[in-house]
Amino acid sequence: MAYKTVNPYTNELVKSYPDATSTEIEAALSTGNSLYKKWRDEPVNSRAVILHEIADRLRENEDELAKIATTDMGKLYAESKGEVELCAIIADYYADNGAEMLKPTPLSSRNTGDAEILHQATGILMMVEPWNFPYYQIMRVFAPNFMVGNPMILKHASNTPGSAAAFEKIVKDAGAPEGSLTNLFASYDQVADIIADPRVQGVALTGSKRGGQSVAETAAKSLKKNSMELGGSDAFVVLSDADVDKAVDLAWRVRIYNAGQVCTSDKRFIVADNLYDEFLKKLKANFEKLVPGDPMDPKTTIAPMNSKRAKEKLQGQIDKAVAGGAKVYYGNQPIDLPGQFIQPTILTDIAPDNPEFYDEMFGPVAQVFKVSSDQEAIDLANNSELGLGGIVVSADSQHGKAVAEKIETGMVFVNSFLVSLPELPFGGVKGSGYGREMSQLGLTAFTNEKLVVTAQEPDWNNPAGGLAVFK
């Protein structure tokens, strides 16, 4: 696999990186396993100081790190800076709260002993991460597992190697022990071999449904615990009582953030029929104001796609949808710039028999649907192979909450952006994967939930002790 940074705005090759060698892989496994054994004898809170130092160094190097991410995959510089800050927030959160959340959980039992669940490390974790948030995707897994005591090996996307190397350097410079996080420019065949190694005890992947299926199959063969955060075709439901101006102001922002290349970015806009025409008109007006250009320029408001391949895939999906009966309400025109730009586009009249009805469009394309009732909106939102997140907009928050509770996804936000914060669990259902990252759920995603019962003097004749049956 060729790891290289090709600037998606200039199309210039910035740097190529050598593929991982078998020697480097064995060193990563050996070092990580030794560190796991060492960490088992150290208190959890001993790692908090280093995690805070990582957060500090992220903030100190925010400008440089943001530039690397923007050069790697093209997002707006301001968005890259925000991503670095979010990573620092996540690191601080687990440094502050990880030890407390990992304390043993006492259990009430009829047994005469004291019962508790210990949350213990399990071993090396293999991380397979995507390009769209090249730092944040790593930090979501790294921060909690660093506190737990699971060393990590990272296989990042082939088009964001600069970001992977930069993140690893921050971790090392902060004083984390060798093996805490090892970045490898590995091929998928090498990843399969790493997963099969007995020193590896878990796999965390964020990526496409197809990629998740492949890695999950590999993990299952070796009986390795895994979490899968896959794609989303999230619904943005505008109920009949919504303020259309507020709905549109939220809608256009969530659709074009990161050039629309967000798993949880709403892609299907399901609008009540009494607001449909006005919603379309105002969404178009906001799309028309967007300014493509250099993502390092603060005047630019729509960034290029992350790569030529991504642009071609999305354009092919648009063409296929239109050929299948969809109508272009706005956009789908070429942008006269050298970068990998897609003009923000609005599609309507996408019927269930359209070849693109169930596909995730990973870019600045809004699919808008008209519905005549709350139930029709719920049914359409749930008519998806994916189930990651979603947004419901209503003038009555309780009305919105009632609808949100019926949508089949891992996350739904009412009258708000779908935000990602360390205290909120992140993950989906159906084709969007399983498992959760962030919050306490993410902290214990790869722990051994070990039951320890410390018995008092047993009463062998007391059935309540659960022992009499063995007499």
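Leu 424 sits in the loop that runs between β17 (413–414) and β18 (429–430); helices here are DSSP runs of H or I with at least four residues, strands are runs of E with at least two, and both are numbered from the N terminus. The model is a predicted one, so local features need pLDDT of at least 70 and side-chain atom pairs count only at pLDDT 80 or more, while totals for chains, interfaces and linings use all residues. Residues are numbered from 1 along each chain as its sequence is written, and side-chain values use heavy atoms, with hydrogens and water left out.

With a relative accessible area of 31%, Leu 424 comes out as partly exposed; that label covers the range between buried (under 20%) and exposed (over 50%), using a 1.4 Å probe and protein chains only. Leu 424 belongs to a nonpolar surface patch together with Phe 417, Val 419 and Leu 421, and the four share about 270 Å² of accessible area. Patches take residues with over 30% relative accessible area and no salt bridge, joining like charges within 9 Å and nonpolar side chains (Val, Leu, Ile, Met, Phe, Trp, Tyr) within 5 Å. The areas themselves are Shrake-Rupley values with a 1.4 Å probe, and for residues only the protein chains shown count as cover.

Lys 401, in helix α13 (residues 397–404), is also partly exposed, at 40% relative accessible area. Between Lys 401 and Glu 423 there are 22 residues in sequence and 20 Å in space, C-alpha to C-alpha.

The largest nonpolar core holds 89 residues, and Leu 51, Ile 54, Tyr 94, Met 139, Phe 142 and Phe 279 have the most contacts inside it. Helix α4 (residues 77–101) is the top contributor to this core, giving 10 residues. Once residues up to four places away in sequence are set aside, Ile 54 touches Met 139, Phe 142, Ile 170, Val 171 and Ala 174, a contact being heavy atoms within 4.5 Å.

Ser 233 is buried too, at 4% relative accessible area, although its place is in a loop, the one between β9 (225–229) and β10 (235–238). Beyond its neighbours within four places in sequence, Ser 233 contacts Lys 267, Arg 268, Asp 359, Ser 384 and Leu 386.

As for charge pairing, there are 22 salt bridges, counted where a side-chain nitrogen of Lys or Arg is within 4 Å of a carboxyl oxygen of Asp or Glu. Glu 42 and Lys 38 make one of them, at 2.6 Å from N to O; Glu 42 is partly exposed at 26%, as is Lys 38 at 45%. Arg 57 pairs with Glu 53, their closest N and O atoms being 2.9 Å apart. These two are separated by about one helical turn because they are 4 residues apart in helix α2 (residues 48–60).

Glu 229 and Arg 140 form another bridge, at 3.1 Å from N to O. This pair links distant parts of the chain, with Glu 229 in strand β9 and Arg 140 in helix α5 (residues 136–148), 89 residues apart. Both ends are buried: Glu 229 at 4% and Arg 140 at 1% relative accessibility. Elsewhere, shared partners join Glu 26, Asp 197 and Arg 199 into one salt-bridge network.

Notes:
Core = buried A, V, L, I, M, F, W, Y, C linked by side-chain atoms within 4.5 Å.
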